[in-house]
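Dear colleague,

Please find the structure below, followed by a short account of what was found in it.

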Amino acid sequence: MTAGSSPRETIPARLEALAAQARASIASANAKFAQIRAERLDTVADDEHDPEGPTLAYEWSLALAQRRDAEQTLEEVDAARARLADGTFGRCIDCGRPIARARLEAYPTSARCIDCQERFERAS
Ligand SMILES: [Zn+2]
């Protein structure tokens with residue numbers, strides 16, 4: 001999935017790669033929705049008992065979750081680009097301290113230092 005992510009890649013390039021991956025994921029989720037809709041129409045026309053019903057509902061929820069994740073990634077990428085533009089990238093949005101370089105390299109969309117992130121996740 002993260003092909004060719006060398007440490008020399010710049011942050012904007014990493015962000016673009018993440019965004020491209022997210023857009024591809026949204027496109028594949030949308031294709032899945034279209035496919036499920038078509039299968040549902042078939043099933044309804046086909047028969048009263050609906051053996052595919054629960055499977056389709058499950059696949060629908062998977063595609064929905066996939067699209068939500070990807071949309072969230074796109075929002076995080078946008079936010080990271082905004083921080084790059086205004087010069088606050090790499091600083092924690094909560095405490096203002098620098099975010100560890102290794103963390104930014106692993107997660108270029110990180111908005112919080114590890115301590116604040118843990119606090120944030122506990123609180124939410
Ligand atoms: Zn912090």
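Ala80 makes contact (heavy atoms within 4.5 Å) with Leu15, Phe89, Pro108 and Thr109, leaving aside its neighbours within four places in sequence. This is a predicted model, in which local features need pLDDT of at least 70 and side-chain atom pairs count only at pLDDT 80 or more, while totals for chains, interfaces and linings use all residues. Residues are numbered from 1 along each chain as its sequence is written, and side-chain values use heavy atoms, with hydrogens and water left out.

Ala80 also belongs to the largest nonpolar core, which has ten residues, among them Leu15, Phe89, Cys92 and Cys116. Such a core is a set of buried Ala, Val, Leu, Ile, Met, Phe, Trp, Tyr and Cys residues joined through side-chain atoms within 4.5 Å; buried means under 20% relative accessible area, exposed over 50% and partly exposed in between (1.4 Å probe, protein chains only).

The zinc ion has as protein donors the SG atoms of Cys92, Cys95, Cys113 and Cys116, lying 2.3 Å from it. Donors are N, O and S atoms within 2.8 Å of the metal (3.2 Å for Na, K and Ca); water is not among the atoms, so sites may look incomplete. The site is tetrahedral, with angles of 103 to 118° among its four donor atoms (for four donors, all angles must lie between 85 and 135 degrees). In sequence, the donor residues follow the spacing C-x2-C-x17-C-x2-C.

With kind regards

Conventions. Four donors count as tetrahedral if all angles lie between 85 and 135 degrees; four count as square planar and six as octahedral if opposite donors are over 155 degrees apart and all others between 65 and 115; anything else is irregular.
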